[in-house]
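Q: I have not looked at this one before. Can you walk me through it?

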Amino acid sequence: MAANFGDIRLRHYKVGPGIKFIWIVGALGMAVAAWRWIVGLGPTTNLSDLRGWGIWISFDMMAGIGLAAGAFTIAAVVYVFNLKQFYPIVRSTILTGFIGYILAALTLLADLGFPLRIWHLIIYYNIHSPLFEIGWCVMLYLTVLALEFSPTLFEALHWKVPLRTVHAIQVPLIFAGIILSTLHQSTLGTMLTILPYKIHPLWYSSLLPVYFFISAIAAGLGMVVFESYHSARTYGYRFELNLLSRLTKAIPWVLGLYLVLKIGDLIVSKEYMYLLKVDLASFLYFIEIIGGIAIPMLMFANPKIRNSRKGIIWAAFFAMVGLIMNRINSALVFFNGALYVPAWSEIAVSIGLTCLGIIMFDAAVRFLPMFPEPKEATVKQL
Amino acid sequence: MSINRRDFLKTAGAGLGGLALTEVPIPQVKNLINQAAAETQASMLYDATKCVGCKACQVACKERSNLPPTTDLEGIWEAPTDLNADTWTLIKLYDGEEGTSFVKANCMHCIEPACTSVCPVAALEKTDAGPVVYHAERCIGCRYCMAACPFSIPKAQWYSNLPKIQKCDFCADRLANGEQPACADACPTGAIGFGTRKDMLAVAKGRIEDTERYVDYVYGEKEVGGTDVLYITGVNPLLLGLPELNERPLPEVDWPYLNAVPWVVGIVGAFLTGTYFYTHRNDDGKEVHDGG
């Protein structure tokens, strides 16, 4: 009997210059990562004794996991809050989240001094370490995401028994995913709470775990909009503007809560004093608060902007940039230590990993029943 | 009967439906030991006024741990300006407004170290005897210890592709054999005292009382909950590169959040279950399935 791959076959979506470019950049980035593996962190990065964490931790790891929060948020909206109308975006959102966490794991393999010992987290325990908790949550959540994504694969293969099995445990699985996400999204903030002497007071707060959790929900939803828009454009189907506009109605509440907490915190802790100084910290803080919180909040609150293609994309973009800025400011720019400019190789690996994420998404769309079949007009014989 | 703040919080917490986050019944970790136990830990007292800057301690440290010299590109030895993976202790000189003073940099061996508490694989360990030691075979190289240490002591072997974390280990092996640390042993002027923490504190306070030349402050007595390495100096210790820190042990800062994990699981789980049954109360029994 010939191997039966069922519905796993190459779908003839157009291969544009964009994805070709991403393949090349992704391959170059992975080559640099391989070089880092061969020669070590010292020669390939600008990290030093007084700057142990660079862009791989602040951008790829902290911001990357934050942006992947859409998966658990949408899972909660559809399966717990039972808002079935949002079902059409579940599949691609789960995939985006799954890829986001794979990238975070790959980032660790680049950043850890002993990447081959990453499994030590399983055999050596230190329940006092925030990183221990994050490691465990991410490992478990990756498993949950794989299972949440697996129906797409089983369905394509026409494997009835595994499909029924996953469906049977779907609700507990979704619950586990939400609990694990709540834990590790906030614990990324907890990770920084033990550094009161290292982080600038404008970014250090005892509410960091709460901030990290709330901002991840808003930016994760922004990422859902961003991904939907680019998928629709790339694979030639309809952009679900209506649906996303209804979904993102919630963002102003989330960002509003975040903003109120942040401002209240500034006043209570008297740290607004630092804003009265004219320096880089107060400047970037204002940019982050206004550009990354207030502007996307107002944009999503405005039905006219939210219901326009351009408006919702820009609003989502601002929300995402807000989170990225926050993580980089907290864990890198305003983190006490030696002067640091990322080495070209660090940037190359960062960009390469991002490209790898897009390549994985693209491959899933091409080989699995992710979206409606490509329309005749967009089909191009390879 | 007086009621202290902690008891008040406990009672208040119980009143709030048992939500006192500090009272979650999971085991306390080892490094949250009580201060009394620290009295008998090994301790070093560096007396800056007795130090002549001969660097015999640096040499002894390198010899004992087989550390290579830090050389420049042409292979010439140069005194490093800061601690690094191969320099676990270093004598520096302060020469400024308040006069001059030598100062010795090395791991402070905190009573409640931040490094041991953040290490996800427990590669750093605070031993009962006092030294904070490193188990290289466990280390995954995340460098959280470097970020968390308020004294920025742990250093990485950046030159290696198996970059171990390196720092002073208080000569834990020598201590186990009843010997002094190599640096204290080598010091010709008695600037590095060695004994139990209780004794070293008494010596430090005695010297400050007896002579005029000291600043009336034992650095390390209270900083981040106390350290096993203590300093008495002739100039303000904050001018000698010792950071200004408050008395709260760092592991106690993030512990309440981690301690709250079981509560978060319970509360989020209950919320999800409640919401699920509420939103599905009129369900036709048909689930939306991913893929179905």
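This is a predicted model: local features need pLDDT of at least 70, side-chain atom pairs count only at pLDDT 80 or more; totals for chains, interfaces and linings use all residues.

Q: OK, sheet first. What is the strand order in the open sheet of chain B?

A: The order is β8-β1-β9, three strands with mixed pairing. β8 (192-196) and β9 (229-232) of chain B are at the edges and have a single partner strand each, so one side of each lacks a neighbour in the sheet. From one strand to the next, the twist averages 25°.

Q: And in which sense do β1 and β8 of chain B pair, parallel or antiparallel?

A: Antiparallel, over five bridges, with β1 covering residues 42-47 of chain B. Within this pair, Ser43(B) sits opposite Gly195(B) of β8(B).

Q: Which helix packs on that sheet?

A: Helix α8 (residues 197-210) of chain B does, and it touches β1, β8 and β9 of chain B. The direction of α8 makes about 135° with that of β8(B).

Q: Switching topic. How many residues of chain A and chain B are in contact?

A: 56 residues of chain A are in contact with 54 residues of chain B. Several helices of chain A supply at least two residues each to that side, including α5 (90-111), α7 (130-157) and α9 (170-193).

Q: Which one gives the most?

A: α7(A), with ten residues. Sorted by class, the side of chain A that touches chain B has 31 nonpolar, 17 polar and eight charged residues.

Q: Now the helices α10 and α16 of chain A. At what angle do they cross?

A: Roughly 135°, with the axes of α10 (residues 208-235) and α16 (residues 309-333) coming within 8 Å. The two helices are therefore oblique to each other. The crossing is left-handed.

Q: What makes the contact?

A: Among the residues from α10(A) are Ala219(A), Gly222(A) and Phe226(A), and among those from α16(A) are Ala316(A), Met320(A) and Leu323(A). By class, this contact has 14 nonpolar, four polar and no charged residues.

Q: What about Ser152(B), buried or exposed?

A: Ser152(B) is buried, with 21 other C-beta atoms within 10 Å. Ser152(B) is in the loop between α5 (144-148) and β6 (155-156) of chain B, and has a positive phi of about 50° without being a glycine.

Note on methods. Residues are numbered from 1 along each chain as its sequence is written. Chains are lettered from A and ligands numbered from 1 in the order in which they are written. Two strands pair if DSSP finds at least two bridges between them. Helices (H or I, at least four residues) and strands (E, at least two) are DSSP runs, numbered from the N terminus. Axes are lines fitted to C-alpha atoms, for helices over the stretch in contact, and angles run from 0 to 180 degrees between N-to-C directions. Two residues are in contact if their C-beta atoms, placed from the backbone, lie within 7 Å. Ala, Val, Leu, Ile, Met, Phe, Trp, Tyr, Cys and Pro count as nonpolar, Asp, Glu, Lys and Arg as charged, and the others, Gly among them, as polar. Angles under 35 degrees count as roughly parallel, over 145 as roughly antiparallel, 65 to 115 as roughly perpendicular and the rest as oblique. A crossing is left-handed if the near helix is turned anticlockwise from the far one by less than a right angle, and right-handed if clockwise. A residue is buried if 20 or more other C-beta atoms lie within 10 Å of its own, exposed if 12 or fewer, and partly exposed in between; C-beta atoms are placed from the backbone.
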